[in-house]
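I am opening a notebook on a structure that is new to me, and I want to write down what I look up as I go.

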Amino acid sequence: MKKSFFLTFVFAVFMLVSCKKPASYGELCVNIGYSLNGKALVTDSLCYCNEAGNEFLITEIQWFISKMELLEECGEWVAFEPQFFYIDTNIPENQTLGIKSIPVGKYKTLRFVFGLDEEDNRTGLFTDPPESEMFWPDLLGGGYHYMKLNGKFLDAEGRLAPMAIHLGIGQNEDCTEFYQNYFTVELPIDFTITETSENQLDLTMVIDNWFRNPHTIDFDEFGSHIMQNQAAQQALKENGNDVFRIGKPTDNENNTTMENGNRFAEKFKNVMQKAAPKPHFWTWKSVKERMGSPVGTTENRQAV
Amino acid sequence: MKLNKNITLVCGLVLALASCKPEQNHYVPTPYELPQPAYFPSKNNIPADNPMTEEGVALGRKLFYDARLSGRDGSDGIRNCSSCHHQGNNFDFSGSAGLHHSVMPLVNLAWNHTGLGWNGGVATLEDMVLAAVTSPVEINADTSQVVKYLQKTNDYPELFEKAFGSRDITFINIQRAIAQFVRSLVSSDSKFDRYLRGEEQLTEDEMAGYELFCTEEGADCFHCHGGGGLALMTTNLFYNNGLDDEFNDPEDRSAITGSHWDRGAYKAPTLRNIAVSAPYMHDGRFTTLDEVIDFYNEGVKNSENINPLMHHVMDGGVQLTDIEKAQLKAFLYTLTDETFLNNH
């Protein structure tokens, strides 16, 4: 017993020593990408389909990552600055998150908060645009939207309808209780930071997964004005468990690794064959032309 | 040898005196401290080549109100900036100014980073001065005439020297001075500001109106027009708000971006002093706040171009009751800043 305690002690000391900060540091670029229906997202022009059968396009995604950390092989978490990243599909330059002064070495996990946690998410944290444009009214819990995912979809009656999936602090009906809806993401990596500025890590948001597993999100129900709908916030939060993965958006092109993804890809393929053989994805123009036709109706989607 | 020494000494003294002379007469303008309310953005748009000075702002103010800015003597219909930007109307125009779009207010523009005008097509305030002075439907002046005219006056050369270090007037310095004055137009003392600072409470109706303003299930104004977390009361971004479902305006936001999706989109103006900012919308189609509220309540039109944030469009609008509409209006009145409307 004494011997094993001694060995554990020696091992712990060894680990502490081995995790001492090295004298050298590297820089890291985290490249943000978006995957939807097994392809890299194209905003404003392509029409996609979700698990519930809604046809939609995305105009923009604006969101926060915070408290990004890397886990060293020795088991020590390394945090770094800046602590907050605002990411906006309208701003190409902020699709790359630049991080300086990371100790060189091998890392095995990437961890971050999707959105902002309760420690940080307070009104006044950001006073300048574009971050300040994400503010979440104090009456609804304050702070900032974790994410705005905006677009258009064809509703159950075949009408073109706005889609505004906005995540942030939830609240009860009379706004006397508030619910934190951010979540922490941990992704395994096998990554070495070298003493250069060339270290690149790709992080992809798999947009399909916001709308499935475990909850199938129908935009007719949860596609807009959900800031005051904690049931929608909770469902999307729970769906967020597998929204992020390491890699480029095109890494799994036409071959999403998830079971639902495979089923969905097949379903989508059928829809395309039936409704729009060319191009591979429907263009929004083609959807517009079809508006008023039965293609966008609930009946038709069910038939598909 | 002694003579040489004396000559050198005299030359040195003359040189020293000559080199000192300009510095002794050089007027150093006083830096202007732009007010910085705590909840306002920290980043302003003051350009490095046009820092604000007390003298520059004062000169800009004089030019803003001076009909001689037209470069004419008045017999042929002179105009200046204040012809269309009336302080009592939030530095905009209460009627139709005969322009393609209605006049936009000049409020808190020191913190605007998205271009000027309803489509954001003018990059800076300095550029806006040039555009307004030369536009045939605005001041309609010849810049070289303006410069010549002002140069001949008794007062302006000295004011330009104090502000910009030279009695020789240039049009770029005219642009800079007026831009400095416009940047100094800061509204931050409305009742709502005092509420944000904890100095004054809103009435029950005003507070109910603020709740409607800031909630998706209410009037849902905040996404485009800010609130406590975005106290400029605008994002300064561009939206198609569902005014129309057909778009024929060649000067909407799409004229700048070239994007089909920006047809019918215009800048969300600040709601500061909105009660005195009629007429409303880019084309001035509404003359009262009631008409505006009624539009957002039940008159919003759907189109493929409507901004996704206008998601109440599927009901035609936000569907407030008459009491709620009155409460929302009461809140909008708390954005009136009497100090701003009277002190410049």
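**Two helices of chain B**

I began with the residues that meet in this predicted model: Leu289(B), Ile293(B) and Asn297(B) of helix 11 of chain B face Lys325(B), Leu328(B), Lys329(B) and Leu332(B) of helix 12 of chain B. I then looked up how the two are packed, and found an angle of about 125° between helix 11 (residues 289–298) and helix 12 (residues 322–333) of chain B, with 11 Å between their axes. That angle makes helix 11 of chain B oblique to helix 12 of chain B, and I noted that their crossing is right-handed.

**The largest nonpolar core**

Next I turned to the largest nonpolar core, which has 136 residues, and in which Tyr146(A), Ile178(B), Val182(B) and Phe213(B) touch the most other members. Strand 4 (residues 55–72) of chain A gives this core its largest share, nine residues.

**Pro41(B)**

Last, I looked up Pro41(B), which sits in the loop between helix 1 (2–25) and helix 2 (54–65) of chain B. Is Pro41(B) buried or exposed? Pro41(B) counts as buried, because it has 22 C-beta neighbours inside 10 Å. Apart from neighbours within four places in sequence, Pro41(B) is in contact with Thr127(A), Asp128(A), Pro129(A), Ser132(A) and Trp111(B).

Terms used: Residues numbered from 1 in each chain as written. Chains lettered and ligands numbered in written order. Predicted model: local features only at pLDDT ≥ 70, side-chain atom pairs only at ≥ 80, totals over all residues. Helix = DSSP H or I, 4+ residues; strand = E, 2+ residues; numbered from the N terminus. Buried ≥ 20, exposed ≤ 12 C-beta atoms within 10 Å, placed from the backbone. Contact = placed C-beta atoms within 7 Å. Core = buried A, V, L, I, M, F, W, Y, C linked by C-beta atoms within 7 Å. Axes fitted to C-alpha atoms, helices over the stretch in contact; angles between N-to-C directions. Parallel < 35°, antiparallel > 145°, perpendicular 65-115°, else oblique. Left-handed = near helix turned anticlockwise from the far one by under 90°.
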